[in-house]
Amino acid sequence: MAFPGRKKRPARVLFAAILFIVFYFFLFPYPLGKELVAHPRWAVAVPDQPPAPGEPFATAGGPGISSWQLGDRFGFVQEDGMLLYSGRAPYRVALSSSGFVSYARLGTDWILRDRTGRLVAGFPVSGYPLLSPDGRRVFSVKTDLSGLIELDRGGGALWDRDFPTMITSISVQQDLALVGLLNGTLVLLDRAGAPVLEYAPGGSRVAVIAGDAVSPNGSRIAAVCGIDPQYLVVLRRTDTGYEAESRERLPSAFRREVRMGFSPDSRWVFLEGASGPGVYDPARRSMRWLNLPGPLAAASSARFGRVAAFASLDSGGVTLALEPPGGIAVCREHFTAGRVFLGTINGQLLAGWDGTLARIDVEEL
Amino acid sequence: MAHRSRAPRRALAVLIALGLCCAERAAALDWPVAARMITGTFGEDRGDHFHNGIDIGGGGQPVHPVLDGEVVFRYDDGTDYTSLPRGTGSFIVLRHDPHIRTLYAHLQAGSLGPVRDRYAANDRIGAIGETGHASGPHLHFAVFDEETGSALNPLEFLPPVPDHQAPVIRRLYARVGDRLVPLDNGAVLKPGKTSIVAETYDLREDVAFRWPLAPVSATISLDGRDVSRISFDSLQVAGGHMSAGAARLAREQVWEPGGLLICGTLDLKPGDSALRLSVQDLAGNEAVRAVSITVSP
């Protein structure tokens, strides 16, 4: 028995469904991710000659001032590209976002200066200076790398702590100072110099701490430790202290200090790898390695920490890579230069190479 | 009387055993350089720390490991990344045993050569330089025992250098409050705790001028009985501070400004006593100063 009317129904249904889908996509479009582009804001030449003593470049501005360092040249620049200070270190310089100590190899007195070169305090000590990123804490590192002293602004010792073996790496953030030791132990010191944590990750044939980092908010600490095998360990702060969050076996066997750090939001760890930098998410335990043509020479971030910035240096020059962790590369540029610096200014990238400083903003297209 | 720490003896045994296994030479360990010009000794006062090794002069000399070893850590000044200022300049740390490590510091920048994992005893590590906090070219050589957390006196492990030069005791003092009272025969002191301080040093045999080095030990005896001893055989951290010898004395308890050695603290009782200070170097040369003192209430 035939039902002639029923043959047309599937075609109508199909047409209605297609119409619905088309309207659905028009009415509720799925937002595509916006493309990120690197947008150079300004570039300035770093002057060859520093100002005469007592002649700062400009008076200190407001927020958005960053320090920079290219070899023995260093200084401070404003977010609009105005140089506040440019100097040359007689030996080395300890830099923070608020000041610096430029010191001689054998000098016993240091002078802490602000971002325009004005004298802040003098320190009659026999170690070498180290400043916290914000410049509020001043340390003297004993020259044999056996200990650390925190100084007050009068040059007196707030605390003095020795370690049973050589210091291999230090990271300071706010009230925390993380010290890596030659014997493979991490020592986390509080504001009074008392150990909050002493942790030996172990598990390797040779114990050593090759690099360490405290996250900006102190919620995590990380270290590259051991040889054969080498590990990345990340510890997370809990109510009672710090506990191991993840441990990642690395393909490297560095027998020197490894460049590493946290993203500004403390979510990501970046570290130097055997063939390029790695970006590690401790919460997901996922590592992403980037291939760069030379050894990692500098690392920082842009777009308020959401885009990682790496620079490698080889005989052909500098390769700059901007990549959001877990995202698509923003850019990868190669240019001729002999040295490179990466920092942040107002949440965006401050890059320096040879005699040039530039601000590069990463923005949505 | 304090006893010598066990750490150096254990490390010595390990190092000699390693040396005999690894090297087919008459001596178990060898000097890291050919010309053995010692310009600084273990335990000296360096302002904010004890000197944790020895200094060997002779700029530009090739530096070799004292034993076959594996590189644990290296730093090439001006080339390698660093998160802290390194007064050691360019250096290499080698591992000879799970716990024994040796440090070769202030090497010439760029002399470390390509990165490698191991060095044989006759390989060249680098050259003596003055990178880092060094006033003149020299090698800073140190031995660490990571098991005990000690720095050990390297001169206890290296082949002995001929040394017939006795240490010198120039002056002897008693610390009374904030004053140093010269201790000569017939000196009168008050009863109670009194520190005995000496201007004393060891001398290098190979130079005619005064080049003061720290001695290896100083012992005070009172009426023939040893009452205090300080020795620079090892440095260990105690309570967050580096301390010397088995007595675990902090730097401020051992050295006064001006390089004066605090030889010990005595609890003086009324009466006449014979006080004797004996200062020794590692070769066993000894300097003695004996004085008679009167302790009067």
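Two residues are taken to be in contact if their C-beta atoms, placed from the backbone, lie within 7 Å. On that basis, in this predicted model, residues 24 or more positions apart account for 45% of the contacts in chain A with a separation of 6 or more. Chain A contains 1 helix and 31 strands, and its C-alpha trace spans about 110 × 50 × 40 Å along the principal axes. Of the 365 residues in chain A, 47% are buried.

The domain assignment divides chain A into domain 1, which comprises residues 32-64 together with 293-365, domain 2, which covers 89-159, and domain 3, which covers 163-289. Taken over C-alpha atoms, the centres of domain 1 and domain 2 of chain A are separated by 26 Å.

For chain B, the assignment gives domain 1 (6-156) and domain 2 (168-295), and the C-alpha centres of these domains of chain B lie 30 Å apart. Their contact involves 21 residues from domain 1 of chain B and 17 residues from domain 2 of chain B. On the side of domain 1 of chain B that touches domain 2 of chain B, at least two residues each are supplied by helix 1 (6-22), strand 1 (38-40) and strand 10 (150-152) of chain B, with strand 10 of chain B giving the most, 3 residues. This side of domain 1 of chain B is made up of 9 nonpolar, 9 polar and 3 charged residues.

Between the chains, 35 residues of chain A are in contact with 31 residues of chain B. The elements of chain A that each supply at least two residues to the side touching chain B are strand 5 (92-95), strand 9 (128-131), strand 11 (147-151), strand 12 (157-162), strand 13 (167-173) and strand 17. Strand 13 of chain A provides the largest share of that side, 5 residues, and the side as a whole divides into 15 nonpolar, 10 polar and 10 charged residues.

In soluble globular proteins, nonpolar side chains tend to be buried together. The largest nonpolar core in the model has 174 residues, of which A:Val179, A:Val208, A:Val224, A:Val269, B:Tyr104 and B:Cys263 touch the most other members. Strand 17 (residues 206-214) of chain A gives the most to this core, with 7 residues. When residues up to four places away in sequence are not counted, B:Cys263 touches B:Ile196, B:Val197, B:Ala198, B:Ala218, B:Ile220, B:Ser228, B:Ile230 and B:Leu277.

Terms used: Residues are numbered from 1 along each chain as its sequence is written. Chains are lettered from A and ligands numbered from 1 in the order in which they are written. This is a predicted model: local features need pLDDT of at least 70, side-chain atom pairs count only at pLDDT 80 or more; totals for chains, interfaces and linings use all residues. A nonpolar core is a set of buried Ala, Val, Leu, Ile, Met, Phe, Trp, Tyr and Cys residues joined through C-beta atoms within 7 Å. A residue is buried if 20 or more other C-beta atoms lie within 10 Å of its own, exposed if 12 or fewer, and partly exposed in between; C-beta atoms are placed from the backbone. Helices (H or I, at least four residues) and strands (E, at least two) are DSSP runs, numbered from the N terminus. Domain bounds come from an automatic or database domain assignment. Ala, Val, Leu, Ile, Met, Phe, Trp, Tyr, Cys and Pro count as nonpolar, Asp, Glu, Lys and Arg as charged, and the others, Gly among them, as polar.
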